[in-house]
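Hi there,

Here is the structure I promised to pass on to you. Have a look at it first, and then read my notes below with the model open beside you.

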Amino acid sequence: MIETTNKKLKSKKMKKFKTILLVAVTALVSNISFAQMMDNGSMDKTVTVGGAPMYPSKNIIQNAVNSKDHTTLVAAVKAAGLVETLEGPGPFTVFAPTNEAFDKLPAGTVDNLVKPENKATLTTILTYHVVAGKYTSMDIMKLIKDGNGTATLTTVEGGKLWFMMKGKKIEIKDEKGGTAWITIKDVNQSNGVIHVIDSVLMPK
């Protein structure tokens, strides 16, 4: 009788121990998974741009083609033969002008740029909007702080872009003295990040 009672007590203790152990392991795994997701960017939000969701699991081109605000940019990227590059592993930081940004250029500029004979010029302008590596808005703001108010990044084209804080917004200055604002930040991609801007940046 005593032996049976002891067995029951041991069984209850073992079940309780297993339950506690299971809870502890579950909590540990959850914490590790959360930390991994944070590190890998899997917790990135799906941002809506141009009426379409930009999925962090898709690459720059796969997302950009769905934005109604970036049809001019996509057409220019195709004309310049840069689709394959921006579908690559990267990572890239792209400062993406909207259709309205291109509309600010003198009449006929875009139509001329997408002509085959102007491919080199178009490529120069577009790659001036791309920086190798992934720079989130937080990264850029840190660089601005570390640079005493100004951050400088070198583009894939080889030119420079300068970044300043104006209030809580990030302003970009190009080599011709023009400026653009980041209007939508941190649109994360599988191969980098897009920051939507309101003006076309021009190299020398």
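**Spaces inside the model**

Let's start with the second largest cavity, which is lined by Thr-72, Ala-76, Phe-102, Val-110, Leu-113, Val-114, Leu-122 and Ile-125. Please keep in mind that this is a predicted model. Helices α3, α6 and α7 each give two or more residues to that lining. By class, the lining has 7 nonpolar residues and 1 polar one, with no charged residues. The space in this cavity comes to about 50 Å³.

The largest cavity has a volume of about 60 Å³. Around it you will find Val-49, Met-54, Ala-64, Ser-67, His-70, Ala-96, Val-187, Ile-194 and Val-196. Of these lining residues, 7 are nonpolar and 2 are polar, and none is charged.

The lining of the largest pocket divides into 18 nonpolar, 3 polar and 1 charged residues.

**Helix α3**

Helix α3 (71-79) is among the elements that give two or more residues to the lining of the largest pocket. Its buried residues are Thr-72, Leu-73, Val-74, Ala-76 and Val-77. The cover over them includes α2, α4, β3, α5, α6 and α7. After α3 comes Gly-81, with a positive phi near 75°.

**A hairpin to find**

Ala-151 and Leu-153 make up the covered face of β5, while Thr-152 and Thr-154 form the uncovered one. Look across from Thr-152 and you will see Trp-162 in β6. The hairpin has 5 residues between its strands, and Gly-158 takes a positive phi near 110° there.

The mean pLDDT of the protein is 83, and 78% of its residues reach 70 or more. Among the elements, β5 has the highest mean pLDDT (97), and helix α1 (residues 2-40) has the lowest (47). Over residues 23-43 the pLDDT is below 50, and this stretch has 4 contacts in the model beyond near neighbours in sequence. Where pLDDT is low, the predicted coordinates should not be read in detail.

Happy exploring!

Technical notes. Residues are numbered from 1 along each chain as its sequence is written. This is a predicted model: local features need pLDDT of at least 70, side-chain atom pairs count only at pLDDT 80 or more; totals for chains, interfaces and linings use all residues. Side-chain values use heavy atoms; hydrogens and water are left out. Helices (H or I, at least four residues) and strands (E, at least two) are DSSP runs, numbered from the N terminus. Ala, Val, Leu, Ile, Met, Phe, Trp, Tyr, Cys and Pro count as nonpolar, Asp, Glu, Lys and Arg as charged, and the others, Gly among them, as polar. Buried means under 20% relative accessible area, exposed over 50%, partly exposed in between (1.4 Å probe, protein chains only). Contact means heavy atoms within 4.5 Å. Two strands pair if DSSP finds at least two bridges between them. pLDDT is the predictor's confidence in each residue, from 0 to 100. On a 1 Å grid over the protein atoms alone, a cavity is a set of points where a 1.4 Å probe fits but cannot get out, and a pocket is an open set with protein on both sides within 12 Å along at least five of seven lines; lining residues have an atom within 4 Å of a point. Grid points are joined across faces, edges and corners, and a volume is the space filled by probe spheres set on the points.
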